[in-house]
Amino acid sequence: MFQKKKSDVERVKPLIESNFKSTQDVNFQTLNTGKEKAEIIYISTIVDQSQIHDLFYRPFFEYANLEKFESYVQSLPYYKSFVDEQETIKEMLHGTVVLLIQDEVHLVGLRHQENTAVLDASVETTIIGPQKALSEDINTNINLIRHRYHEKSLKIENAPNIGSKSNIEVAVVYDAEKVDAKVVEEVQKKLDKANRPIVQSAGELHRALTNKKKRLFPTMLVTERPDRIAYNLSQGKIIIMIEGLPFVLIAPTVFFDFMSSMEDFYQPYWVSKFLLSLRYLGLGISLFLPSAYVGVTSYNPEVLRIQLAFSIAGSRVPVPYPSYLEVLFMLLMMEMLTEASIRLPKTIGSTATTVGGLILGQAATEAGLVSNIMIIIVAAVAISNFIIPINEMSFAMRVMKYILLALTTFTGLIGLVIGTIALIYYLVSLDSVGHPYLKLFYGESKQQS
Amino acid sequence: MKTLFQTCMLICTLVVLSSCGFKDIDKRSFVVSMGIDQSQENEKNYEVILKIAFPSSEANEQGKNFQLATETGRTIAEAVSRIKAKTSNELDFGHMKIIVLGEKILERDIGQTMDWFTRRRDIQQIAFIGVGKPTAREVLAHEPKGERLPSNELFLFFGETGTESPYVTTNYLFHFRRNLEERGIDGYLPIIEVKDDIFSIMTMCLVKKGEKPLPLKDDETELFNLLNRGYDKVSIKIQGVKQHFILSIDQLSSSYQILSTDSQKPVIKYKVNIKGNIEESMVEIKEEKMDQYNQLVEQVVKKRTEALFKKLQDSHYDPLGFGLRYRANHSGDENVKVKEWQNIYDQIRFDVNVKANITGTGVIE
């Protein structure tokens, strides 16, 4: 026993030295009162340096007794016991101070995170309702959630770190009373299995967690809103938090979650119902309008009112290409505009929209490349796509509309109908950590009561 | 990689193969209305007139942008296929909303003429159908002033999005065909004339397979439409000995019963309820005399209705479908019932019972 402990220090010290000797921000220091000696090792850039002096240097000289100092260190709130040398290196990289006192290795977590500021909600904004989102620090985020969800059954579990290189801390948060135990098990199993060298975003983790490699629709919800997190906790959902990211993953989810905004809870009943129906209308427009245009103008113009049919026909007269090329051209232009305005610095972002939206649209019709009606359709599609409150879903729908467009181009309105049915089939076949994805809640509230 | 390549190839080949179903809207010639006349050279042939509209990019005043394509043929299909050869774009009947039959065509077997319309899948069964007097060509060739689209004026007349008049009889293709085929009800068609450069749709005619059409006068047309479709927003003229006023109808409903027991002479009890107020009067109207006015309205409407029914009965026409009602209310072999009804209809008595309710004199005293 004694022999083994002695070898702890002997094993750990050379390993740390060989790993970190050449690194500038690693501090090796010997505390020496003359009689007593102790060694302290830490990476200065990720450790809270203001506390180091108070916690270690001063007590060491005040006690002037190694035994007392050792028991003092062991009773510090951030104390972690030594496991093995590999674990020690890992801990050091996460901001742990390593103390070598006599023959024993002591670890004290003194992590210091620079970006703990709570950010403003920028992706899912609401008019009324909380304006702050999460921060990039996992502890701050847990703090935020605890402040919104005061419940003793709230469980926070540390999952194994994700990513062999990035080695990022992941926490699983749930309400133990509401949650389905099977789902927790499933999520933890998946987290164990997830192996990617680098995981830096919620979307990436989501990718690592799903079985299917090629996925179009999000089956876990990425959110930045603490109020949404709290609401979902109360619904028995699991929150997966990732260090260094102001977003969390929520699982399991259904399709309808992606269409809801937290605003729905803050508005009067009829207002929120109106907004919700507006959103589904927007979804319909952005998905079906381009393909419906092709189907109606090129296969079944009798569907339209005669006055509209004539104005479409009239505006299409100077256009040399068939309708699907016209639609494709304009849609691609619009996608580029959207992409460009994401990538551009904010200061010149408005230039892109002006040049793209106004000049391009105007000139394209005058040049006879696209019809006037097409411009209206593209604008309607672009705008209504942004109505979908969760970004990931709106991206998925952006891709989906091209599939429907292709089907309609080849087979007419029948293709659109069949494509829509196929889309529903596909959504039904999906699952979110074992729970059905496209699930209706009809009658469920009645059963519960 | 290989599968990706294969799908790409598949898509590329499919793009080339955009089949005959795909035809852009600007590569189609929209037929907005169709006329059928008797050929001038050969009495047996049809002359088919298609009014083909040209879309143009300017939204207003497209009414004059049309072409009348005419061909003759032994059958309608023949004539249409000849017209097809004369137009550069694909003929599209999807927006053909008006069918005008020439007066002379009605004298032929109407069933044969309608055959083409019921078989073609691209003919909209909700097209309006009417009679062109004297010819269909004259109706189609007319260009009303300020028309937004070719034939738009006729769409407005019949579609009730524009004018709503009891003189304008509206009949759809599907309805007309149904009335023609069904035993116990007869078809009717509005008569479209061009008078002094405007459309005049005031009268109608009744049509039956294998018989000469029966034209109705304008006041008969008005009454028929009132009873048949329960038109409101109508003014009718009430003329008595002393009073002479116009009743504006707000509500009109009618119902009837066919009583045909063996012992009695068969009777159709026809009830009409009218609610309305006085719109214009030649003499002074007094609030106290309201009962008298009501009675007068009842008398006048009763007289007119009975006269109309008598006329229909004498000419063996039944556009209101009394026979159909009889068939629906009696059990037995259909052929027997139809024969029975033909006997009954010849001797049936009409008992018209009008209830008028004038709600106001139209002025505040």
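Student: How many residue pairs are in polar contact between chain B and chain A?
Tutor: In this predicted model, the count between chain B and chain A comes to ten residue pairs in polar contact, with both residues of each pair at pLDDT 80 or more.

Student: Which elements of chain B supply residues to the side that touches chain A?
Tutor: Helix 1 (2–16), strand 1 (28–38) and helix 6 (152–159) of chain B each supply at least two residues of that side. Sorted by class, the side of chain B that touches chain A holds eleven nonpolar, nine polar and seven charged residues.

Student: And how many salt bridges are there between chain B and chain A?
Tutor: The count is two salt bridges between chain B and chain A. A salt bridge joins the side chains of A:Arg316 and B:Asp26, with 3.1 Å from N to O.

Student: OK, what about area: how much do chain B and chain A bury between them?
Tutor: They bury about 2,200 Å² between them, and 66% of that area is on carbon and sulfur atoms. In chain B, the residues that lose the most area to chain A are B:Phe22, B:Ile25 and B:His95, which together account for 29% of what that side buries. In terms of contacts, 27 residues of chain B meet 24 residues of chain A.

Student: Switching to rings, how many aromatic pairs are there over all chains?
Tutor: A search of the whole structure finds 30 aromatic pairs over all chains. One of them is formed by A:Tyr324 and B:Phe22, an edge-to-face pair at 5.4 Å centre to centre, with 75° between the planes.

Student: Where do A:Tyr324 and B:Phe22 sit?
Tutor: This pair crosses between chains, since A:Tyr324 belongs to helix 12 (residues 323–343) of chain A, while B:Phe22 lies in the loop between helix 1 and strand 1 of chain B.

Student: Buried or exposed, those two?
Tutor: Both A:Tyr324 and B:Phe22 are buried.

Student: Why does B:Phe158 count as buried?
Tutor: B:Phe158 has 2% relative accessibility, and it counts as buried because that value is under 20%. B:Phe128 is buried too, with a relative accessible area of 5%.

Student: Last one, which residues form the aromatic cluster in chain A?
Tutor: One aromatic cluster is formed by A:Phe60, A:Phe61, A:Tyr63, A:Phe69 and A:Tyr72.

Technical notes. Residues numbered from 1 in each chain as written. Chains lettered and ligands numbered in written order. Predicted model: local features only at pLDDT ≥ 70, side-chain atom pairs only at ≥ 80, totals over all residues. Heavy atoms only, no water. Contact = heavy atoms within 4.5 Å. Buried area = accessible area lost by both parts, 1.4 Å probe. Salt bridge = Lys/Arg side-chain N within 4 Å of Asp/Glu carboxyl O. Polar contact = N/O pair within 3.5 Å; in protein donor to acceptor, adjacent residues only side chain to side chain. Helix = DSSP H or I, 4+ residues; strand = E, 2+ residues; numbered from the N terminus. Nonpolar A, V, L, I, M, F, W, Y, C, P; charged D, E, K, R; others polar. Phe/Tyr/Trp six-rings, centres within 6.5 Å; stacked < 30°, edge-to-face > 60°. Buried < 20%, exposed > 50% of the residue type's maximum accessible area, 1.4 Å probe, protein only.
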